[in-house]
Amino acid sequence: TVNLKSKGKVPVAILSSDEFDAALVDPATLTLAGATVALRPNGTPHASLEDANADGIIDLVVQFETEALQLAADDTQAVLGAGVRF
């Protein structure tokens, strides 16, 4: 559940598997419901590599500013997208 009135952040985990390494995803290309990944004070994406689901494989966890999400109160889904960087 996302509290749209929150002034906080929404964490999103991109899970790795034996076939997919989430560490290869560039956080700067990600969007969630139209919002880009939140930035730290030094200007880098608010992202970390950690084992989010305790399966022994490192995952990518990114943070999105709740206020930046383009969601309505009755929305039940949000789309996570990735662009391409050259």
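Strands E2 and E3 run antiparallel and are joined by two bridges. The model is predicted.

**Sheet**
- E2 and E3 belong to an open sheet of three strands, ordered E3-E2-E6, with antiparallel pairing.
- Strand E3 (35-36) and strand E6 (80-82) are the edge strands, each pairing on one side only.
- Thr 31 has Thr 36, in E3, as its bridge partner.

**Nonpolar core**
- The largest nonpolar core has 15 residues.
- The members that touch the most others are Val 12, Ile 14, Leu 30, Leu 60, Val 62, Phe 64 and Leu 69.
- At least two residues of this core come from each of strand E1 (9-14), strand E2 (30-32) and strand E5 (59-65).

**Asp 59**
- Asp 59 lies in strand E5.
- The side chain of Asp 59 instead reaches a backbone atom, the nitrogen of Ala 52, at 2.8 Å.
- Leaving aside residues up to four places away in sequence, Asp 59 touches Ile 14, Leu 15, Ser 16 and Ala 22, and also Ser 48, Leu 49, Glu 50, Asp 51, Ala 52 and Asn 53.
- Ile 14, one of the residues touched by Asp 59, is also among the core members that touch the most others.

Methods: Residues numbered from 1 in each chain as written. Predicted model: local features only at pLDDT ≥ 70, side-chain atom pairs only at ≥ 80, totals over all residues. Heavy atoms only, no water. Core = buried A, V, L, I, M, F, W, Y, C linked by side-chain atoms within 4.5 Å. Buried < 20%, exposed > 50% of the residue type's maximum accessible area, 1.4 Å probe, protein only. Helix = DSSP H or I, 4+ residues; strand = E, 2+ residues; numbered from the N terminus. Polar contact = N/O pair within 3.5 Å; in protein donor to acceptor, adjacent residues only side chain to side chain. Contact = heavy atoms within 4.5 Å. Pairing = 2+ DSSP bridges.
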